[in-house]
Amino acid sequence: MIDKGPGVNLHRNQSAQSLVDILNNDFPGQAMHLVHRLDDATSGLLLLAKNPAAAAELGALFANREIAKFYLAIADGKPSKKQGTVIGDIKKSRSGSYLLSRTRSNPSATQFFSYSLGAGRRAYLLKPHTGKTHQLRVVMKSLGVAILGDRRYGPSTQDCDRMYLHATALRFTFRGEVREYVSLPQRGELFVDRDGGLAAALLDCEAPWALEWPRLN
């Protein structure tokens, strides 16, 4: 388990090295296997496997939705609802981005709580039950509050030091042992300023699986 920094790329794309390349260089003879993904701009907990057998087991846990995932986000504006569940298909648009549809043929499902930070800004504790492309970024935009610093789904005039989305916790059972991991964000001016409502959100992030999340229908 590592704590990925914002802007660190999982794949080479236009970069000379990917995160996996760096890890493999740091641990020679130990090939690392990605078992899930984070967008380059997203920081936080990233799980890797040390061998193909573990990669297959962990990949199956993700595929079967047996790993509880929790994210922290910050956004400006008043959301269409302050807590609840968002369900709908995520479809690709003509621009290459994704959008949330009212249809439910293969829907995404996301639950969230939000916390006032004052001055029209809120923090969001997000629990995705599915793993669709750009799911949380699209859901936040559908609520009318794109994640701060999101260059694809946020306003073009927005200027932030990072995208304010952080993978803060994972909980799952692996080979008979319950694993619980929490990583509070350490980078980003708004994440570091932990007064007021953000302190309450971070307190809930310390064991988000213990909160009273409503049951999905």
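Mentor: Start with a charge and a ring. Arginine 162 lies over the face of tyrosine 164, at 5.6 Å from the ring centre. Keep in mind that this is a predicted model.

Trainee: What makes arginine 162 count as lying over the face of tyrosine 164?

Mentor: The distance limit is 6 Å from the ring centre, and the position must also be within 35 degrees of the ring normal. Arginine 162 is at 5.6 Å and is listed over the face of tyrosine 164.

Trainee: Now the ring pairs. How many aromatic pairs does the structure hold?

Mentor: Six. In one of them, the ring centres of phenylalanine 113 and tryptophan 213 are 4.6 Å apart.

Trainee: Why is the pair of phenylalanine 113 and tryptophan 213 called tilted?

Mentor: Check the distance, then the angle. Centres must lie within 6.5 Å to pair, and these are 4.6 Å apart. Planes under 30 degrees apart are stacked and those over 60 are edge-to-face. The planes here are at 45°, so the pair is tilted.

Trainee: What parts does the pair of phenylalanine 113 and tryptophan 213 tie together?

Mentor: Phenylalanine 113 is in strand 9 (residues 108-118), and tryptophan 213 is in the segment after helix 5 (197-205). Those parts are 100 residues apart in sequence, so the pair ties together two separate stretches.

Trainee: How do you know whether phenylalanine 113 is buried or exposed?

Mentor: Buried means under 20% relative accessible area. Phenylalanine 113 has 16%, so the residue is buried. Tryptophan 213 has 13%, so that residue is buried too. Ring pairs also link Phe70, Phe113, Trp209 and Trp213 into a cluster.

Trainee: Next, salt bridges. What makes glutamate 57 and arginine 175 a salt bridge?

Mentor: The limit is 4 Å between a side-chain nitrogen and a carboxyl oxygen. Here the N to O distance is 2.6 Å, and the side chains meet in a salt bridge. The pair links distant parts of the chain, 118 residues apart. Glutamate 57 is in helix 2 (residues 52-63), and arginine 175 is in the loop between strand 11 (165-174) and strand 12 (177-182). The structure holds six salt bridges.

Trainee: Why is arginine 175 called exposed, and what is glutamate 57 called?

Mentor: Exposed means over 50%. Arginine 175 has 56%, so the residue is exposed. Glutamate 57 has 33%, so it counts as partly exposed.

Trainee: How do you know that aspartate 76 forms a salt bridge with arginine 121?

Mentor: Their closest N and O atoms are 2.6 Å apart, and the limit is 4 Å. Aspartate 76 is in strand 5 (residues 68-76) and arginine 121 is in strand 10 (residues 121-128), 45 residues apart. Aspartate 76 is partly exposed at 32%. Arginine 121 is partly exposed at 26%.

Trainee: What makes glutamate 180 and arginine 171 a salt bridge?

Mentor: Apply the limit of 4 Å again. The N to O distance is 2.7 Å, and the two side chains meet in a salt bridge. Glutamate 180 counts as partly exposed at 42%, and arginine 171 is partly exposed at 33%. Elsewhere, salt bridges that share partners join Asp39, Arg137 and Asp150 into one network.

Trainee: Last, helix 3. What makes helix 3 (residues 135-142) mostly covered?

Mentor: Six of its eight residues are buried. They are Gln135, Leu136, Arg137, Val138, Val139 and Met140. Just after helix 3, glycine 144 takes a positive phi of about 85°.

Technical notes
Residues are numbered from 1 along each chain as its sequence is written. This is a predicted model: local features need pLDDT of at least 70, side-chain atom pairs count only at pLDDT 80 or more; totals for chains, interfaces and linings use all residues. Side-chain values use heavy atoms; hydrogens and water are left out. Helices (H or I, at least four residues) and strands (E, at least two) are DSSP runs, numbered from the N terminus. Buried means under 20% relative accessible area, exposed over 50%, partly exposed in between (1.4 Å probe, protein chains only).
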